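Here is a short briefing to read alongside the model.

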Amino acid sequence: NPVQLGVGPKGRLWVASWPTYPKWEPLKEMNDALVILPDENRDGKADKAIIFAKVHNPTGFTFWNGGVIVASAPDLIFLKDTDGDDKADIREVLFTGWGVGDTHAGPSNLRYGFDNWIYGTVGYARFNGTISGKQHNFGMGVFRFKSDGSDIEFLHQFNNNTWGMGFN
């Protein structure tokens, strides 16, 4: 169950893989992962699948600072490979507060913005958390956050879940 595809800094295809959809079992080991699919012989087909990191219910990701930011409700996490083995060595929770009542209504569509903020959407699962001492509570709309997790802003309300977002 691929949720999102993206081309990473080395030109390789990455996929948020969610074979356990729609289950939410935060204390149980699951097979959800962020996977790299390299095409080393350039024939247009993936030669292997490299599990970069196990990630519960990955609903979106974007590349930042040599790593990747992943939406994995209730958390937003930063993963980074520091030794070049294509496995995440750093796993840092940037902030928490995404609702887990309905897995397909959580944070998604993460996009690195022109203003150096990360943009995303959330459905009716909502966000209810504290960031830098300030309480935030919003749902069904577009948000943006600083890539270090130090701030978040709710930008626009819509009336349900969304299934895509882009910049033009």
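How do the residues of the lining of the largest pocket divide into nonpolar, polar and charged? They divide into six nonpolar, 13 polar and one charged, where Ala, Val, Leu, Ile, Met, Phe, Trp, Tyr, Cys and Pro count as nonpolar, Asp, Glu, Lys and Arg as charged, and the others, Gly among them, as polar. Please keep in mind that this is a predicted model, in which local features need pLDDT of at least 70 and side-chain atom pairs count only at pLDDT 80 or more, while totals for chains, interfaces and linings use all residues. Residues are numbered from 1 along each chain as its sequence is written, and side-chain values use heavy atoms, with hydrogens and water left out.

**Pockets**

- The largest pocket has a volume of about 330 Å³; a pocket here is an open set of points on a 1 Å grid over the protein atoms alone, with protein on both sides within 12 Å along at least five of seven lines.
- A volume is the space filled by probe spheres set on the points, and grid points are joined across faces, edges and corners.
- Lining the largest pocket are 20 residues, and Val3, Thr59, Ser108, Asn109 and Trp163 are the ones nearest its centre; a lining residue has an atom within 4 Å of a point.
- Strands β1 (2–7), β9 and β10 each give at least two residues to this lining, and β9 has the largest share with three residues.
- Strands are DSSP runs of E with at least two residues, numbered from the N terminus.
- The second largest pocket holds about 190 Å³ of space.
- Its lining has 13 residues, with Pro9, Lys10, Arg12, Trp14 and Gly66 nearest the centre.
- By class, the lining of the second largest pocket is made up of six nonpolar, three polar and four charged residues.

**Enclosed space**

- Rolling a probe the size of a water molecule over the atoms shows where empty space is left.
- One cavity of 30 Å³ or more is counted, a cavity being a set of grid points where a 1.4 Å probe fits but cannot get out.
- The largest cavity has a volume of about 60 Å³.
- Its lining consists of 10 residues, and Asn57, Thr59, Ala73, Gly99 and Thr103 lie nearest the centre.
- That lining divides into four nonpolar, five polar and one charged.

**Salt bridges**

- Four salt bridges turn up in a search of the whole structure, each defined as a side-chain nitrogen of Lys or Arg within 4 Å of a carboxyl oxygen of Asp or Glu.
- Arg144 meets Asp115 in a salt bridge at 2.5 Å, N to O.
- Arg144 lies in strand β13 (residues 141–146) and Asp115 in the loop between β9 (107–112) and β10 (117–122), so this pair ties together parts that are 29 residues apart in sequence.
- Buried means under 20% relative accessible area, exposed over 50%, and partly exposed in between, using a 1.4 Å probe and protein chains only.
- Lys48 and Glu40 form another salt bridge, with their closest N and O atoms 3.4 Å apart; Lys48 is partly exposed at 40% and Glu40 is exposed at 56%.

- Four strands form an open sheet in the order β5-β6-β7-β8, paired antiparallel; two strands pair if DSSP finds at least two bridges between them.
- The edge strands, β5 (60–64) and β8 (90–96), each pair on one side only.
- From one strand to the next the twist averages 25 degrees, based on axes that are lines fitted to C-alpha atoms, with angles from 0 to 180 degrees between N-to-C directions.
- Strand β7 (residues 75–80) runs antiparallel to β8 and is joined to β8 by six bridges, and Asp75 has Thr96 of β8 as its bridge partner.
- Gly97 sits in the loop between β8 and β9 and is buried, with a relative accessible area of 17%.
- From Gly97 to Trp163 the separation is 66 residues in sequence and 21 Å in space, C-alpha to C-alpha.
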